[in-house]
Amino acid sequence: MTVYGALSTALSGLRVTQAQLDVVAANVSNAETPGYTRKTITQSSVYAGYNAVGVQSDGISRQLDELLQRQIRSELGASGYVETTARYHDRLNSLMGAPGSASSFDSIINNFGTSLSALGDNPSSQTAQQAVVGDAQVLIQTLNAMSADIQSMRAEADQGIATSVQTINDSLQRIEEANNAILSVTADGDIPADLLDERDRHIDVLAQELDIQVLEQNNGSVTIFTSTGVTLFSGTAARLDFEPTANINPLATYSVDSSQSDLGTVRVGTGAGGTVDLLAGNNIRSGRLAGYVEARDEILPEMQARLDEFAHQLALAMSLRPEASEAHDPVVADTAADLGGTGTFGTIDFTNGGANDGSISFDLTVDGVTQTIDITYAEANAFTGTPATVDQTQLVDLINQEANAAFGTVGVTYAVADGTAIDLRSSTTGAASNVSVASYTETNLAGVTTLGDGSATGGTGFDGLQIDLAGIQPGNEVSLNFTDTVAGQTRQVTLVHVTDAGSLPLSNEVTANPDDLVIGVDLTDPTAVSAALAANGIGITAGTGTGGDLQLIDDGATGQYDINSLSANISVTGMQTGEPYLPMFTDGIASGDVYTASQDGIPQKAGFASRIQLNSSIVDDPGLLSAMDSSTPAGDSTRATYLYDQFNSTSITVSAASGIGAVSNPFETTLAGFGREIVNRTAFEAASAERAREGQEIVTNGLLARQSEESAVDIDEEMARLTELQTIYAANAQVMNAAREMMDLLLNV
Amino acid sequence: MTVNSVTQATMNIDRMLSMRAEIDDLSRQFGTGQRSDNYADLGPQRTTSLAVRADRTTIAGYRAAIESASVSVNIMNETVERLDDLLEEVKGDALPNSFVVENGNQTTAQIAAEHRFQEMVTLLNSDIDGKYLFSGLSTDVEPVVSAEAMMKGSGGRAGFEQVLAERNLADLGGTLADPTLNGRLDIATAGAISSLTEAGNDVFGFQLDTAAGASSSSPNITVTGPAGAPNALSFEVTGTVDVGETIRFTLALPDGSSRDIVLAAADTREDGDEAFVVDADPLVTAANITTALTDVIDDVARRDLIAASAHQAGHDFFDNNPPLRVTPDPVDGIAGATAIAADPNNTIIWYQGEDGPLDARETRLTRVDENVRVAHGARANEDAFRTALRETAVFASMDYDVDDSSAADRYTQIANRTREGMDDPSGQNLPRSVSVELGTAYTMMEATDARHRSTDAIYANLMSDIEGVTEEEVAAKLLDLQTRLQATYSLTATLSELTLVNFLR
C-alpha cells in the first residue's frame, strides 16, 4: 500500500460520493414528479489482488416491486372501468329526480294516476280533464326529455371512446419513444433508470384506458398485449382507429357485424395489413375504454329500452280493444265425405314389383263444383324420392296436390288426416256441408288397406273458432290456445300481424310472455296463416269465416289438436267509437300516427319514448277523455274509469329487454308500478355501481399507497443520507489531505 | 385519481376532501331535513319509500275526492229531505172530507199543493257548481222542465193537464157536462134481457171484471157473463123477482181499483139509489134494470171512474218516458179512443236527464279507496221523486164546480187516492229512502276519510324514518366531523413542520 494508493482510493470514494449526491439531489428534486421512483446507487469495492484499492459505483437502480406494479396496472384498468360506468349510472339516477320532488319520475307517475282517479269522479269537469291533459303532458315530456338525455349521454360516451382511443395512441407513441431510447442506452451497457420510469408512466396511463399485459424482454424492451392477446406494442406502436358517430339516436345500435352496426368500432392494425375489431371480438374488458363502450352499447340503450317499454305499455294500455272469439261457422265435411271411415288406413306397399300398383278415383264436390280426383300410386311413378311405401301423410299430401290442381287453387287444404281416416274438406269457404265425395273407386288395395268410400260413419268433424279482426293494425296480436293431445300439453301461440314479409321471422321475445310461441304473419291472409302454423308444425288451418272473420280450425275432437280459445287485441284509431278505448298516446304529433307496436321494418317500440306524444285531438278537446261518442252523458265515467284501471290496476307483463325481470320469468306489475320500478331499478343500479367504484377505489388506493412506501422519495431519508454523504465526502477529503501532507513531509525530508 | 402521484400528503388531502364533502352533505341534510337528494342513496328502503309515496299521493287524491263529494252529498240530502217534507205536507192537507172550494174551482189544499209542486220542481233542478244533482249521468242537463210547462204544456207540446183531460174524456166517454155518462159501457134491453157490453177496448172506461164474475140472488134472473169479446154481461128476467133480491157485478177501474155494484130489487127507486123496480112482467123488470144500471153507472162514472182515470193519467204521464197519452181514434175522436201510446213530438217530456239502465245511485261514483266507489247519483224520475210529483200534480189539477152535486164525492175519491199513492209504510218509494241511501254513502265516505287520515299519518312517520333525518343526529355527526377535520388540519400542519430539512442548519 502506498500513499498514492490511499490518494487514489480516496479519490474513488469522492467520485462515488459525488454520484451518490447527484442521486440524492435528483430524488429530492423529483419527490413530487409523477411516476418517479426513488433511485439508489449500489457500490462495490475495487480490489487489487486481495486488497481493496477503491470503491466503484455499480449503477443506479430503481426502488420498484414489479409484482406490485403488475397488480396496480390491472387495478388501474378496473378503476377506469368502474369509474366510467358508475358515472353514467349516477347520471341516469339523477334523471329520476330527488325523492319527493315534484319533478321526480315517480311523482309524475303518481300525479297522472291521481288525476285519472279525479276524472273518474268528475268526468265532465273541465278542471279534471285539464289536469289529466297537463299531467299526461308532463309525463310524456319527461319521457321525451329523458330519452334525449340518454342519447346525448351516448354521444358523449361515443366521444369518450374517441378520447380514450386518442390517449391510447399517444401513450403507445410515447412508449415507443421511451423504449427506443432504453434500447440504445442498454446497448451501451448502462441502466437507463429514468427512461424506465418514463416508459412505466406511459404504460400506467395505457393501463387505465384498457386491460393490458406487459412482457419485459431480455434486452430491456417491452411487449404489450390486450388481456385477450391482441398486440398493441411490440417494438413499434400499433395504431387504434375509431370513427365517432355524428348523430346518435335511439335507433342507432351497435352490432358485432359491422355492416349491421350504426355505430363505430375500435380497430387495430395487425401489422400484416389487416385489422382486428377490438369490440366485436370482445377484446376490451376493462379500463375506461370498456366503460365508455359499455355505457354506449349496454347501460344507456338498456335505459332507453326501459323507457320505451314504459311508453309502449302506456300507449297500448289505453288503445287496445280486446276482441273475443265466436263459434266458427262449420267448414266441416260430412261423414259421407270421409275416406276410409270404416277401417284403418294401412301402408301401401310398393315393394312388390308392381303387384300392388293401383289407383283411387273419386268425384270431389266443393261449393257445387265437381272435379274428379285421380291418384295413381304405381311404384314406378309414385313419389319422387320417396321410400317404397306410402303412408297416410303422403296420401293426404297427394290428394291435396291433385285437388289443388283440379280446382285451380293454391295451398288450399282439401284433405287432412283424422285419426286413421282421411277427411275431405274445404278451408276456403264458410258454408256447411259444402264438400261431398261420389263415384269412389279403388283398385288393387285388397289386402293392403281398407280405404273405403266413407259411406259409413267416420270422422267427427272439425272444431274451431273465428274472430273479427276488422281494423287490425300491424303489431296487433291474436292469441291462440290449443291442446296437443299427442304431446299431452296445452300450448299458447301469439300471432302478430306483420305486413312486411321482410321483417319475418319474429323473435320469440316480441311478447314478454315466455310460454308462448310468437309467429309473425299477415293475419288478413288466411292462406299465409295456415302456412305459418304448418311451418311451426301445428296442424291448425285458417280460413275466412262469416263476415270476413279469421277462422281457425283444428282436426276434430278425435284429432291431435283441439283449439281451446282465441282472442285478439285490436288498436283503436278513432277517438269516439262509443267504447272506452282510445289512442290517447300517439307516435308523433299527428293524431293519425297511431302506436300499434308494429313489427314491420324497425320495431315501432324502438325509441318510442323519445317520440311519444299526447294525442293532439285530446289536447284540443280534453272532453274526449270522457266522451266516448257524441251521445255520452256528461256524468258517464266509463272511459275515465277504464283509463284509471288500465293505469293503476290492470296487470302488465314487462319485457325483459328493459333489464327488469328475466326472459323466463318476466316482471308482472301495473303501469304505475312499472314506473316506480324504473326509478327503483335505476337507483339500485346506480347504488351498486357506486359501491363497486368505492370498493375499487379502496383496493387501488391501497396498492398505490404500498407502491408509494416502496418507491416514493422520503425527504427525511434523503436528508439523512445527505448528511451521511457529507461526512463521507469530508472523510475522503481528509484522507486526501492527510496523504498530501504525508507527501509534503516526504518531499521536504 | 391521478396516476402514481400518491404520496402520503396527497392521500391526506384526499381524506380531508372527502371529509369536507361529507360536511357539505350533512349541512344539506340539516337544511332540507332529507337524508338524501337521490334515490340511489336511500338504500334498500327505497322501494318502501317509492311505494309509500305513491300511496300517500293516492290517499291525498281520495281525500280530496271525498271532501268535494261529501259537500255534494250533504246538499243533496237536504234537498231530498225537503222533498219528503213537501210530500208529507201535501198528504196531510189532502183530507177527503174537507171539500170547500175557494177561488171558484179549487180547494185550499189544492192551491197549497200547486205551490208545493213548484217547489218540488225547483228542488229537483238543484245544481252544485253547474252540475245538476238529479239528472243521472247527464249532469249538464236540467233534469225537470218548469212546473208551468209540465202542467200547461209548452211550445205546442201538451202538458199534464191536457193529458189528464184527454184521459178523462176517453175513460168517461164524454165530459162531466154531458147529461149521462156510461164509462164506455153499452147498456141495452132486448126483450127480457138487460145487458152491459164493453166498448171493445181493454184500456179505457169501465171493464167488466170477469174474475170477480157476476151473480144474482134471484132464481128468476139468469146471469150470463161477463164473457165474450168484447166482454158482455146480461141479466135475463125469467119470472117474478122478489123485493130484496139482488144482482151483483164488479167494475174494474182504469187505475186497477174496482167498484162492486149491487142492485137490490125494490118497489120504488130514487135517482142515485142502487136499486131496481120489480114488476110482474119480466119485460118491464128487465127495462127497469136497464134504467137503474144507466143511472148507477152514470153516478159511479162521475165519482169513482173519473178519480181512477185521473190517477191513471198521472201514472201514464209521470211513470213513462216519454209519457203515454190517449191516441186519438181517427173516426171517433178521443171520446172513442181505444189505445194509449207515447207521442214524444207533441207531449212535454218532463224528465230531461239521463235514463239509462244503471241504477240511479250508480250514476255518480266517487272513488274513495283502491276498489271502493261510493254511489251517490240520483234521477228526478226515479220512483221516490216521481211519486211525490205525480200524486201532487194529480191532486192539484182537478177542478170542481160548486154547483155539481157529485163534486164533493169526487174530491173525496181523488183525495183518498192521493193519500194512498203517497202512502208507503216501507218508505221504499218515497224520497226518504233516497235520503237513507245518501246518508249511508256519506257515513261511508267519512269513515274512509278517517281511515285514510290515520294511514297517512303512519305513512308520514314511516317516510320520515326512511328519508328524513333528525336534527340532533345530524348535529352530532357534524360536530364529530368538525372535530376530526380540525384535528386533521392541525396534525397535517404539525407534520409538515416535522421534516429534517427544518432541522439541518
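Q: Why does Asp129(B) count as exposed?
A: This is a predicted model. In it, Asp129(B) has 11 C-beta neighbours inside 10 Å. A residue is exposed at 12 or fewer, so Asp129(B) counts as exposed.

Q: What makes Arg184(B) buried or exposed?
A: The neighbour count decides. Arg184(B) has 26 C-beta neighbours inside 10 Å. The cut-off for buried is 20 or more, so Arg184(B) counts as buried. Arg184(B) is in the loop between α5 and β3 (185-190) of chain B. Its phi is positive, about 70°, although Arg184(B) is not a glycine.

Q: Which residues make the contact of α5(B) with α6(B)?
A: From α5(B) come, among them, Phe160(B), Val163(B) and Leu164(B). From α6(B) come residues including Leu305(B), Ile306(B) and Phe317(B). By class, the contact has 10 nonpolar, three polar and three charged residues.

Q: How do you know that strand β1 of chain A lies largely in the open?
A: Count its buried residues. Strand β1 (residues 39-48) of chain A has 10 residues, and the number buried is one, so the strand lies largely in the open.

Q: What makes β1(A) and β2(A) a pair?
A: Pairing needs at least two bridges. β1(A) and strand β2 (residues 51-62) of chain A have nine, in the antiparallel sense. In one of them, Ser45(A) is partnered with Val55(A) of β2(A). The two strands form a hairpin with two residues between them. Gly49(A), in the turn, has a positive phi of about 65°.

Q: How many residues of chain B are in contact with chain A?
A: There are 43 residues of chain B in contact with 46 residues of chain A. On the chain B side, α2(B) gives the most, with 12 residues. That side has 17 nonpolar, 18 polar and eight charged residues.

Note on methods
Residues are numbered from 1 along each chain as its sequence is written. Chains are lettered from A and ligands numbered from 1 in the order in which they are written. This is a predicted model: local features need pLDDT of at least 70, side-chain atom pairs count only at pLDDT 80 or more; totals for chains, interfaces and linings use all residues. Two residues are in contact if their C-beta atoms, placed from the backbone, lie within 7 Å. Helices (H or I, at least four residues) and strands (E, at least two) are DSSP runs, numbered from the N terminus. Ala, Val, Leu, Ile, Met, Phe, Trp, Tyr, Cys and Pro count as nonpolar, Asp, Glu, Lys and Arg as charged, and the others, Gly among them, as polar.
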